[in-house]
Amino acid sequence: MKKTALRRPLSAASFATAFATSLAALLSLTAPAHAADYPVKPVRIVVAYPAGGDTDVIARWIAEKLAAKWGQPVVVENRTGAAGSIGSAYVARTPADGYTLLVAPNTLAIAPYVLKPGSGGEYNAKTDFTAISEIGRQSLFMVGADHAGLKSVDQVVKEARAGKVTSYASPGSGSPMHILSELFDRSAGIKLTQIPYRGSAPAIVDLVGGQVPVMYSTIGPLAQYVATGKLRLLGVADKVRSPFAPDVPTFAELGYKDVEVSAWQAVFGPRGLPPEIVQKVNLAVNDILKMPDVVDRMKALAISPTGGTPEQMGAVIAAEDARYSKIIKDFGIRAD
């Protein structure tokens, strides 16, 4: 009679290897299916700034349209503080499953170099996020308040030298507006003290209310005050004049060199977001940016819709991270 050979039990190492192989195979089968079904539950978009500013408004437009496209709720959650880094760092630590996204301005590439260690908002802009899509671009302006009687950039400089204008409102340390102020001060040979706020909306309230004389801002949040004459656009920090305010001269035209900073808004996810989900969100956002009502809304806030690929957005964040880290080091910029 033929003897049946007895199989030896698997060793612990062999069992672990077999289990890992089986699990990997299972995941390879299920992951694409999950990505194809995404989203199957509500999606959250984090905005690291208060309600009412450009980033918040844009995020809510995107959320509204994504919800309609996907048939799932898409909600905006404001997590403010530390120049937007609190909310951004929060997203960086969430699971990379596509159910927590971030809509952020280019402050994302600036804030890490400005904040003190232990602020609660530590992250690496290049490595801790998955770039998904740029949304739009905005010009930055120097804005004078009517109560201060400021009618030109040269007047601001003259009164700053005379000690009559000493400060400006900022939506936060490490914002593009903060960087712009440092570049302008260097070019003009003045030094204004930054008064940082938690976003543009509260800064504009104090600007209109008489607490501060000057601010750097995009047009959108202050358009109604410009229209009524309470605020005045004095100069724009672009190579060419803005099509949304063609009568406002560039700083270069006025003789202030190397003062060019613009703002962008973009969608990000945590590091390691599956490519299938990245692609799905990217395509949806790019479709939304072509919708006539969205284009009209963005133009009303002086925003030029852009869109683009994840790779293009990744290149933007890498380039700006390199640029702003150098500027911040050169100027010794730090959060208060």
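**Reading the terms against the values**

Me: Which residues of H6 meet which residues of H11, and what makes this a contact?
Reply: Ile179, Glu182, Leu183 and Arg186 in H6 meet Arg323, Tyr324, Ile327, Ile328 and Phe331 in H11, where contact means heavy atoms within 4.5 Å. The model is predicted, so local features need pLDDT of at least 70 and side-chain atom pairs count only at pLDDT 80 or more, while totals for chains, interfaces and linings use all residues. Residues are numbered from 1 along each chain as its sequence is written, and side-chain values use heavy atoms, with hydrogens and water left out.

Me: Why is H6 called oblique to H11?
Reply: The axes of H6 (residues 176–188) and H11 (residues 310–331) cross at roughly 55° and come within 11 Å; that angle makes H6 oblique to H11, since under 35 degrees would count as roughly parallel, over 145 as roughly antiparallel, 65 to 115 as roughly perpendicular, and the rest is oblique. Here axes are lines fitted to C-alpha atoms, for helices over the stretch in contact, and the angles run from 0 to 180 degrees between N-to-C directions. Helices themselves are DSSP runs (H or I, at least four residues; strands are E, at least two), numbered from the N terminus.

Me: How do you know which buried residues of H3 to name, and what do they pack against?
Reply: Buried means under 20% relative accessible area, exposed over 50%, and partly exposed in between, with a 1.4 Å probe and protein chains only. In H3 (residues 85–92) the buried residues are Ser85, Gly87, Ser88, Ala89 and Val91, and the elements they pack against are S1, S3, H4, S4 and S10.

Me: What makes Ala96 buried, partly exposed or exposed?
Reply: Its relative accessibility is 27%, and therefore Ala96 counts as partly exposed. Ala96 lies in the loop between H3 and S3, and, leaving aside residues up to four places away in sequence, it touches Pro270, Arg271, Gly272, Leu273 and Pro274. Its C-alpha atom is separated by 9.8 Å from that of Ile277, 181 residues apart along the chain.

Me: What makes the backbone of Asp258 and Ala302 worth a remark?
Reply: Most residues other than glycine have a negative phi. Asp258, however, has a positive phi of about 60°, and phi of Ala302 is near 60°, also positive. Asp258 counts as exposed at 63% relative accessibility, whereas Ala302 counts as buried at 9%.
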